[in-house]
Protein chains: 2
Amino acid sequence: MHVIVQKYGGTSVADTDRIRGVAQRLVEMHREGYAMVAVISAMAGVTDNLLNLAHAVSAKPTPRELDLLLATGENAATALVAMAINALGIRAVSLTGAEAGILTDRTHAKAKIANISPRQIHNMLDEDYIVVVAGFQGQNPEGEITTLGRGGSDLTAIALAGALNADACQIFTDVDGVFTCDPRLIKDAQKLDEISYDELLEMAGAGSKVMQSRAVEFAKKFAVPFEVRSSFTGLAGTLAKEETRNMEDVVVRGVSIDRKQAKITIRGLPDQAGVAGHIFSAIASANIIVDMIVQNVSTGNTTDLSFTVHENDLEQARQLLKPIAKKIGAVELTGHDGVAKLSVVGIGMRSHSGVAAKLFECLGHGGINIQLISTSEIKIAVVVDEKDAATAARLTHQAFGLARLAPAAALS
Amino acid sequence: MHVIVQKYGGTSVADTDRIRGVAQRLVEMHREGYAMVAVISAMAGVTDNLLNLAHAVSAKPTPRELDLLLATGENAATALVAMAINALGIRAVSLTGAEAGILTDRTHAKAKIANISPRQIHNMLDEDYIVVVAGFQGQNPEGEITTLGRGGSDLTAIALAGALNADACQIFTDVDGVFTCDPRLIKDAQKLDEISYDELLEMAGAGSKVMQSRAVEFAKKFAVPFEVRSSFTGLAGTLAKEETRNMEDVVVRGVSIDRKQAKITIRGLPDQAGVAGHIFSAIASANIIVDMIVQNVSTGNTTDLSFTVHENDLEQARQLLKPIAKKIGAVELTGHDGVAKLSVVGIGMRSHSGVAAKLFECLGHGGINIQLISTSEIKIAVVVDEKDAATAARLTHQAFGLARLAPAAALS
């Protein structure tokens with residue numbers, strides 16, 4: 001029995017026509033002999049509507065109740081997909097996360113999957129049912145509904161594919177796959193045929209929000225390959241998998257742009273143990289996500305520390321840090337929005353030198369000032385002025401030879 | 001600990017303002033020292049929207065999936081009510097039917113409550129929580145979600161009140177209580193302070209759709225008194241309870257009108273055993289609900305049989321019965337829509353004579369022709385022309401002295 005897990009996002013089940021389209025595709029695959037498991041998100045817009053209702057009755061909705069509320073979105077879409085399949089004459093069953101055997105920890109709103117008991121799914125597949133599972137949700141040890149956080153349906157699909165030892169896991173979405181750069185920004189961006197988990201993680205962390213990082217991390221940890229592909233075109237997408245040797249031949253897999261960033265700098269910070277911890281635990285306790293952190297070598301006995309946050313969090317972060325900066329004797333605290341982060345990602349960087357130099361040169365020739373630099377093993381990220389972001393992406397994309405040969409250019 | 005179960009229907013939680021109003025009332029009762037359990041219906045309109053979605057993807061949605069789909073309506077409203085209470089600073093917890101311990105049989109779409117294990121509710125009440133329970137739903141022995149059918153939230157509330165041995169069960173709805181007649185039809189109809197289960201059942205079966213019969217039957221079986229009252233006025237409603245001796249002093253408690261009825265008559269039916277069974281099992285197998293059945297003594301060796309159905313079912317019933325009538329040798333099969341049923345209900349009828357005579361006289365004086373008559377121990381029902389229904393109700397209401405003394409009349 002060849003098992004295929006398919007995940008359909010909110011836009012793929014946005015209305016009843018699309019739901020019937022999803023049912024049609026599942027039935028076709030079933031007729032070809034595959035054992036099909038579908039993971040379904042809430043219909044597009046439903047989750048936001050539910051959140052609006054919640055915030056209309058409570059400034060700070062209790063997480064337990066929010067989980068019960070949000071899970072209704074996936075439950076409804078899941079029931080509808082199963083009905084639509086049954087209407088085509090093929091037996092389907094809809095399962096909640098709990099019924100599908102997805103057990104989580106006790107955290108509400110962002111539960112971790114603790115274990116999967118796919119007995120019920122196996123039983124239904126054995127009886128030739130198409131199994132339709134509500135994404136984004138599970139059950140805690142008390143039997144309460146928990147949700148896995150935004151993007152949780154991807155996680156459900158990958159976790160189920162792992163637990164079922166599925167032959168394929170396909171993430172259907174509204175884009176054709178993972179691209180060398182955002183195709184809305186760079187016209188000749190290419191769709192990638194394959195990408196390593198690490199590269200996808202770095203690109204996800206760098207603004208290419210095809211997949212949530214948690215789902216990719218889970219796939220990496222349990223070695224579950226998955227394909228990101230379009231609900232609408234029928235074309236092959238991008239296969240995310242463990243890296244292979246020949247992947248290293250490509251130095252840079254893609255370029256990501258992360259807009260709406262803000263940069264905070266604390267100057268003249270005493271260069272002593274515990275200072276950075278003090279700062280970032282204050283930021284973390286306010287649930288502000290910090291992206292790049294840059295600290296240079298100290299001059300004398302002080303140092304300068306910079307980091308980026310989303311521009312919406314800038315003011316709150318600044319207010320939080322003011323008293324702390326003062327208390328620890330920093331010289332100056334500054335914050336600026338209107339910056340963007342550009343990242344080049346590729347596992348080939350590990351074995352190729354000169355990537356950073358090439359990036360800096362290309363930006364320099366374009367007259368684009370680099371404000372911050374940070375590197376990981378397979379990524380180089382720079383902060384530039386937001387207004388330079390599009391040009392920077394275009395120049396970088398070109399410099400690393402990522403552009404598709406445009407048909408016209410190929411003919412000339 | 002005084003436990004009160006309150007049930008809020010769809011119009012009582014129709015928007016977030018009303019949900020906050022429900023939360024406010026629950027918090028006030030909690031502050032007065034009551035242990036509060038709220039049973040919540042889906043927000044008005046939600047269930048119909050979900051049904052429309054279901055019918056857009058499937059001509060005949062599978063009952064199991066329909067239950068998962070419809071239960072989302074109650075789950076969402078329940079979560080929102082609990083959030084709204086928490087926002088007022090009082091702890092509340094939302095429970096699905098399954099979490100509330102409502103166990104049902106395996107029937108989907110119209111499950112019967114098999115058992116209630118209110119341990120979880122007791123625990124939460126002991127910890128001083130307001131407990132908010134999703135109405136209309138339970139869990140079958142396989143752990144699947146089941147729904148109790150239309151009006152199932154009333155059933156949930158009454159069953160929980162029984163299982164918790166609650167001090168009161170209040171059904172909040174969009175009417176002020178049970179009236180002597182439909183107040184939209186009869187201006188001086190009076191709200192009843194109390195009514196026996198049997199009277200309410202006869203009135204529910206006779207078009208006064210304040211409560212579904214199943215919920216009232218359950219209340220009668222387990223002797224759970226309940227009050228029907230308005231969400232909006234704050235006024236006392238109508239208490240439904242076991243009959244007491246002094247209730248018998250009132251001969252007629254109320255008058256009900258059931259419009260949109262149709263009448264089917266089979267003439268010249270062989271007067272032999274099994275014939276009626278043959279006819280009504282055919283009707284029942286098509287899920288057509290038969291209301292009045294009238295058969296008079298036979299003349300010679302044939303008899304005439306009449307019964308009423310909803311006018312929407314007339315054509316189907318006629319088509320079903322044509323071959324059967326022919327086969328058993330009936331002389332004629334006729335069907336007419338455009339009739340209405342008028343019922344007078346009161347447990348006092350048991351010990352008072354002359355009620356039927358008074359009814360027939362009053363209709364006769366009004367020039368209203370009676371087409372069929374059927375009586376039970378506490379009800380007399382007649383079928384009249386639909387165009388006479390309003391006049392018949394007014395005359396009957398007057399004849400039995402049910403009208404409220406209008407303030408102006410009382411002063412004069």
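**Briefing: a predicted two-chain model**

In this predicted model, pLDDT (the predictor's confidence in each residue, from 0 to 100) stays under 50 over residues 406-412 of chain A, and the model has two contacts beyond four places in sequence for that stretch. Two residues are in contact if their C-beta atoms, placed from the backbone, lie within 7 Å. Where pLDDT is low, the predicted coordinates should not be read in detail.

Residues are numbered from 1 along each chain as its sequence is written, and chains are lettered from A and ligands numbered from 1 in the order in which they are written. As the model is predicted, local features need pLDDT of at least 70 and side-chain atom pairs count only at pLDDT 80 or more, whereas totals for chains, interfaces and linings use all residues.

**Confidence**
- Chain A has a mean pLDDT of 91, with 97% of its residues at 70 or more.
- For the complex, the predictor gives an ipTM of 0.82 and a pTM of 0.84.

**Symmetry**
- Chain B is superposed on chain A by a rotation of 179° with 0.1 Å of shift along its axis, at an RMSD of 0.2 Å (least squares on the C-alpha atoms of residues with pLDDT of at least 70 in both copies).
- The two copies are thus related as by a two-fold rotation axis.
- B:Thr72 is the residue of chain B that comes closest to the rotation axis, its C-alpha lying at 2.4 Å.

**Interface**
- Contacts join 28 residues of chain B to 28 residues of chain A.
- On the side of chain B that touches chain A, helices H1 (16-31), H2 (46-57) and H3 (63-87) of chain B each supply at least two residues (helices are DSSP runs of H or I, at least four residues, and strands runs of E, at least two, numbered from the N terminus).
- H3(B) gives the most to this side, with 13 residues.
- Of the interface residues of chain B, 100% are also interface residues in chain A, so the copies meet through the same surface.
- B:Leu80 is in contact with A:Leu53, A:Ala54, A:Val57, A:Leu69 and B:Ile19, leaving aside its neighbours within four places in sequence.

**Helix H11 of chain A**
- Within H11(A) (residues 389-399), the buried residues include A:Ala389, A:Leu395 and A:His397 (buried: 20 or more other C-beta atoms within 10 Å of the residue's own, all placed from the backbone).
- Strands E13 (254-270), E16 (332-345) and E18 (379-385) and helix H10 (355-365) of chain A are among what covers these buried residues.
- Just after H11(A), A:Gly401 takes a positive phi of about 65°.

Definitions and conventions: A residue is buried if 20 or more other C-beta atoms lie within 10 Å of its own, exposed if 12 or fewer, and partly exposed in between; C-beta atoms are placed from the backbone.
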